[in-house]
Amino acid sequence: MSKKSAKAKPAKSAEGALVPATTPINIGISAKDRAAIAQGLNALLADTFTLYLTTHNFHWNVTGPMFNTLHTMFMEQYTELWNAVDPIAERIRALGFPASGSFADYTKLSSLPDAPTEPPKALEMIRILVAGHEAVARTARDLFPLVDQASDEPTADLLTQRLDVHEKAAWMLRSLLEG
Ligand SMILES: [Fe+2]
């Protein structure tokens, strides 16, 4: 047992035996790196949740001649974003830190603005979502060098997948603005 874990304050288990207050994590990534990566992943989680909510909002409120296309496209995108928050949150837990899950946290951590109060026109919705996907891609990319240096392959894999999704979604949305 290392000096550090021996210092953990003992607590009593249900059976009355002494157990460490925290179970040490020893996966080959330093506590400092795990903390920094978890912090970056919480920012990614906040960005992803904010973009999920904005996309779902636009699915509900879109109007105009592109209604059918956008209503369906936004549904596919918010479903993907909704499914993405769980693996991000669970990676944070696997690294030993709490996953953010409140509007207060997301407001603080997200690099994306909240959805507009008044539903914008369809083209403005598309512009907002392009900017949103690009912002999430930047958050994921900013974290990559640290993850790479720490040999955190599962997080690198997760970030790679998220970058692919956001860059593809941004391209598809951007294409709707051209012509
Ligand atoms: Fe719907």
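This is a predicted model: local features need pLDDT of at least 70, side-chain atom pairs count only at pLDDT 80 or more; totals for chains, interfaces and linings use all residues.
Residues are numbered from 1 along each chain as its sequence is written.

**Burial overall.** I looked up how much of the protein is buried: 32% of the 179 residues. Buried needs 20 or more other C-beta atoms within 10 Å of a residue's own, exposed means 12 or fewer, and partly exposed is in between, with C-beta atoms placed from the backbone.

**Helix α5 by itself.** I find 28 residues in α5, and its first and last C-alpha are 42 Å apart, close to the 40 Å expected at 1.5 Å a residue. The expected span is 1.5 Å times one less than the number of residues. Where does α5 bend? I put the bend, about 30°, at leucine 143, with proline 145 following within four residues. Bend here is the angle between axes fitted to the seven residues ending at a residue and the seven starting there. Leu143 is also on my list of buried α5 residues, which includes Met125, Leu129, His133, Val136 and Val147.

**α5 against α6.** Next I checked how α5 (residues 122–149) packs on α6 (residues 153–176): the angle is about 155° and the axes are 8 Å apart. Axes are lines fitted to C-alpha atoms, for helices over the stretch in contact, and angles run from 0 to 180 degrees between N-to-C directions. So α5 is roughly antiparallel to α6, a label for angles over 145 degrees. The residues of their contact split into 16 nonpolar, three polar and six charged. Asp, Glu, Lys and Arg count as charged, Ala, Val, Leu, Ile, Met, Phe, Trp, Tyr, Cys and Pro as nonpolar, and the others, Gly among them, as polar.

**The loop between them.** Serine 151 sits in the loop between α5 and α6. Its phi is near 55°, a positive value in a residue other than glycine. Is serine 151 buried or exposed? I count it as exposed, because 11 other C-beta atoms lie within 10 Å.

**Proline 24.** This one is in the loop between β2 (18–20) and α2 (31–61). Proline 24 has 13 other C-beta atoms within 10 Å, so I call it partly exposed. Its C-alpha is 9.1 Å from that of glycine 96, 72 residues apart along the chain.

Methods
Helices (H or I, at least four residues) and strands (E, at least two) are DSSP runs, numbered from the N terminus. Angles under 35 degrees count as roughly parallel, over 145 as roughly antiparallel, 65 to 115 as roughly perpendicular and the rest as oblique.
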